[in-house]
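Reader: I have a structure open and would like to go through it with you. Can we start with the strands and then move on to the cores?

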Amino acid sequence: MRALAVCQDELVIRTLHQVLSGTFDIEFLVESRPLARRLVDDQIAATVADPKKVDSYLRADLSPSTCVIVEDNGKRGLKRVVTAIRDAGGSLVYILHAGTRVSSQKNHDELNAIVPELMHLDLAELLKGPLNAELDRALTRARVQQYQRYFADADRVLILLHNDPDPDALAAGLALRNLLRRTRTTAILATMQGITRPENLRMADLLDIHVETITAEEFASFDRIATVDVQPHYFHGLLPRVDLVIDHHPEQTGYTAVFKDIRADFGSTCTILTEHLRAVDVNISERTATAMLYAIKSDTLFFARNTNRSDLEAFTFLYPLADAALIRKMEGAEITLERLEHVTRALATSRLKQQVLSAFVGETSREDFIPYTADFLLQVEGVKWTIVSGIVGGQMIISVRNLGYSRNAGEFVKTCFGDIGSAGGHRAMAKAVVPADRFRHKFGDLSGIGIAARIGELAEQFLADVAGADKKPAEKAAAKS
Ligand SMILES: [Mn+2]
């Protein structure tokens, strides 16, 4: 492919040559003879000609398939240059705005009147993305190096995960251990309640992730403590001290940590940690990359909820480093006959109205069947909210999931069940645990279908109420905070 660049600025010329010479057969048209000589001396193809004359382009053998880049450095005469290019048969014309003056829409229109397909490139815009990303990385690097130094001289480090750790917690633990350049004996991954969900057990098994179950008494035996995918308030004051917190849940108050990086707009803790790893150029093993990729995929439901650009970038970065076949193997474990049976039971009671699906699975042996069913049913076309309830050991468990730009699931469970049990969560995932007798006391002794219907109505009311409140600016502001 041929490209002809009409440029007078040596920096722009040398930059374009470096960037494009691999892909294009690029040649420069310059006005200054000494400049042309310098370029030719450095093996850059350049000819001296008047860019306002048709003849210059005819001699350069311009064809309709030649890319012509014209530098706009703010000087006059651009219209005549573009006209000459058109008259010589050029049509793939790019204007590269490199001057300090911002080019006006009027200038754009005038040039497009001469060559309709003409495109505009802004040098500042082209630089902006990569440059901002690089400077942003420098800030992250400074932050990571600080906590790395702070942890460097510790004998025993505790990386604490939430109860029943999920893929994001497990992978974040591995990633942080990697960042601290430690092994499983000098940085222990631990939780107060071990893994129960089968696919998480399978992940820990396939990736050989060892998580210890520890008690509050043991906290004091560590020199440094970090929490990942969870914040210290979760442990109800049991932690004596916290040195580092990395999390993507909404920021909580009531604790102090020496270092923290909390980004509630990120889809997973592993996205934050990918940025940390990239910032300090730490080698990422295939095992860690696989765990992190799986974590991002599962925490964002493969980018269906709470996702931002950084999640996609982290995914793109980790993908070539990870073992995709192993991820398929971990995911393949998700559907079991037992789980399908719970989905079937849910369908038998389900109520679907206004894109809200409510269902009751009845008595069940394991709590994880309930959120699994809620996640599963969220895949159904036309469903934006799922609320699945069931009874485990006398407790009514209510799992809520939603997609996209919905109202807050955490608010919903707090509003409807906060008075009779524990309820909480965030925008897209929430859970309530209510003693079954208290549920009956508040809502009546209902059948399975009755329970699903009653909870479905509550959700519909909640969604209608919040939609109404949104119209009043004062309440909207209050809801945001
Ligand atoms: Mn997470």
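Reader: How many bridges join β1 to β4, and in which sense do they run?
Author: This is a predicted model, to begin with. In it, 4 bridges join β1 to strand β4 (residues 67–72), and the two run parallel. Ala 5 stands opposite Ile 69 in β4.

Reader: And which residue in β2 is the bridge partner of Ala 5?
Author: Phe 28 is the partner of Ala 5 there. Strand β1 (residues 2–6) pairs with strand β2 (residues 25–30) in the parallel sense, over 5 bridges.

Reader: What do β1, α1 and β2 make together?
Author: They make a β-α-β unit, with helix α1 covering residues 10–20, and the unit is right-handed.

Reader: Zooming out, how is the chain divided into domains?
Author: Domain 1 is 2–117, domain 2 is 132–332 and domain 3 is 338–469. The C-alpha centres of domain 1 and domain 3 are 63 Å apart.

Reader: There is an open sheet with 6 strands. In what order do they come?
Author: The order is β9-β8-β7-β10-β11-β12, with parallel pairing.

Reader: Why is one side of β9 and of β12 left without a neighbour in the sheet?
Author: β9 (212–213) and β12 (257–262) are at the edges and each has a single partner strand, so one side of each has no neighbour in the sheet. For β12, strand β11 (residues 242–247) is joined to it by 5 bridges, running parallel. Within that pairing, Val 245 has Lys 260 in β12 as its bridge partner.

Reader: Which strands does α7 touch where it packs on the sheet?
Author: It touches β7 (157–160), β8 (187–191), β10 (224–228) and β11. The direction of α7 makes about 140° with that of β10. Helix α9 (residues 269–279) also packs on the sheet, touching β10, β11 and β12, and its direction makes about 110° with that of β11.

Reader: On to the cores. Which residues touch the most other members of the largest nonpolar core?
Author: Of its 54 residues, those are Ile 159, Ala 171, Ala 172, Ala 175, Leu 176 and Met 292. Helix α7 (residues 167–179) gives the most to this core, 8 residues. Apart from it lies another core, of 36 residues, including Phe 360 and Phe 412.

Reader: Back to Ala 175: what is it in contact with, leaving aside neighbours within four places in sequence?
Author: Cys 270, Leu 273, Leu 277, Thr 288 and Met 292.

Terms used. Residues are numbered from 1 along each chain as its sequence is written. This is a predicted model: local features need pLDDT of at least 70, side-chain atom pairs count only at pLDDT 80 or more; totals for chains, interfaces and linings use all residues. Domain bounds come from an automatic or database domain assignment. A nonpolar core is a set of buried Ala, Val, Leu, Ile, Met, Phe, Trp, Tyr and Cys residues joined through C-beta atoms within 7 Å. A residue is buried if 20 or more other C-beta atoms lie within 10 Å of its own, exposed if 12 or fewer, and partly exposed in between; C-beta atoms are placed from the backbone. Two residues are in contact if their C-beta atoms, placed from the backbone, lie within 7 Å. Two strands pair if DSSP finds at least two bridges between them. A crossover is right-handed if, with the strands pointing away from the viewer, the path from the first strand over the helix to the second runs clockwise. Axes are lines fitted to C-alpha atoms, for helices over the stretch in contact, and angles run from 0 to 180 degrees between N-to-C directions.
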